[in-house]
Amino acid sequence: MDKSLLGIHHVTAVTDDVVRNYEFFTNILGMRLVKKTINQDDIQTYHTYYADHIGTPGTTMTFFANEHSQAGKHGTNSVTRTGLRVPNDEALQYYMERFDQYNVKHAGIQEVFGKKVLPFEEPDGQRYQLVSDVDNEGMAPGEGWELSPVPNEYVIYGLGPVEITVSYFEKFKDHLLDFYGFEIVAEEKDAVLLEVGEGGNGGQIILRHDEESPVAEPGNGEVHHIALRVENREALKAWEKLYSQNLFHHSGFIERHYFGALYVRVGHVLFELSSDDPGFTIDEPYETLGESLALPAEFEAQRKEIEQKIRPFDTTVDRTKQ
């Protein structure tokens with residue numbers, strides 16, 4: 001059984017406004033809402049998934065939406081920035097002009113570990129950066145959504161390197177190298193670029209060293225966890241056994257309906273291992289992904305109660321604009 005890690009699977013963050021977040025990701029970033037469902041650990045709140053056209057593993061940014069959540073605080077010992085892949089340098093210029101048009105806070109086009117990037121923020125302070133795939137080799141991207149408001153030659157089509165900042169840099173780095181099988185690609189002062197699986201922008205973590213900043217506090221505008229890809233549930237079972245053998249406190253296998261999951265905390269950072277199967281079309285057709293509230297079978301009996309408690313919002317797509 002191959003239990004190798006394949007790359008980044010998804011990143012999950014927290015928002016206090018599901019509608020604002022939806023409009024930001026679909027109307028401004030041009031990504032597709034591939035699933036509107038509930039947080040299975042808190043069924044009175046949404047869990048939304050934005051991705052390429054079908055939710056290909058490695059393309060998905062997800063959110064727990066809770067209008068009562070407090071604002072988080074940026075700091076060390078956390079996931080500090082999520083990368084989003086675009087096809088080329090021209091896409092960065094396109095998005096920079098788009099961000100100016102929509103008053104999105106950004107820091108202009110820069111270079112990080114030899115990659116052209118465009119750092120930007122969501123209104124709640126959630127931090128991202130677009131990463132150009134020019135000269136990139138490794139984990140393949142997804143495919144742009146045919147109804148995206150962003151032209152296909154520029155559209156976001158995958159997750160890029162995820163930035164993690166910690167005060168215990170060497171210990172954290174050694175864990176990624178020795179236990180998860182990451183390899184060092186490049187090093188700078190107080191930072192290292194690591195990759196796993198097929199590598200490239202879809203399989204990389206930027207690890208930064210910061211002992212000066214206060215420790216980040218969870219809440220909206222912060223990342224909840226980072227998920228790494230494995231092929232299937234059998235691989236998750238192998239990792240579960242490995243965690244237990246090494247006396248790691250872990251969640252045990254959890255069925256998330258669209259993928260299997262296994263959680264463990266590395267220092268302050270919550271890591272999930274997620275299976276590639278079965279995907280988001282298991283309960284909705286491709287054409288209308290994300291347009292209705294999707295509930296895993298075990299929650300269907302509570303649908304009426306759930307729909308009374310969560311904030312309804314319209315996510316149907318206007319196909320007259322095709």
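My entries on the helix and the rings follow.

**Ground rules.** I worked with a predicted model, where local features need pLDDT of at least 70, side-chain atom pairs count only at pLDDT 80 or more, and totals for chains, interfaces and linings use all residues. I numbered residues from 1 along each chain as its sequence is written, and side-chain values use heavy atoms, with hydrogens and water left out.

**Helix H3.** I took helices (H or I, at least four residues) and strands (E, at least two) as DSSP runs, numbered from the N terminus. Which residues of H3 (169–178) are buried? I found Phe169, Phe172, Lys173, His175 and Leu176. Seen down the axis of H3, these fall within an arc of 155°, so they line one face of the helix. The arc uses directions from the helix axis to the C-beta atoms. Buried means under 20% relative accessible area, exposed over 50%, partly exposed in between (1.4 Å probe, protein chains only). On the face turned away, I noted exposed Lys171 and Asp178. Strands E9 and E10 are among the elements that cover the buried residues.

**Rings.** I paired rings of Phe, Tyr and Trp (its six-membered ring) if their centres lie within 6.5 Å; planes under 30 degrees apart count as stacked, over 60 as edge-to-face, the rest as tilted. I got 27 aromatic pairs. Tyr46 and Phe313 are edge-to-face, 5.2 Å centre to centre, with 85° between the planes. They sit 267 residues apart in the chain. Both Tyr46 and Phe313 are buried.

Methods. Contact means heavy atoms within 4.5 Å.
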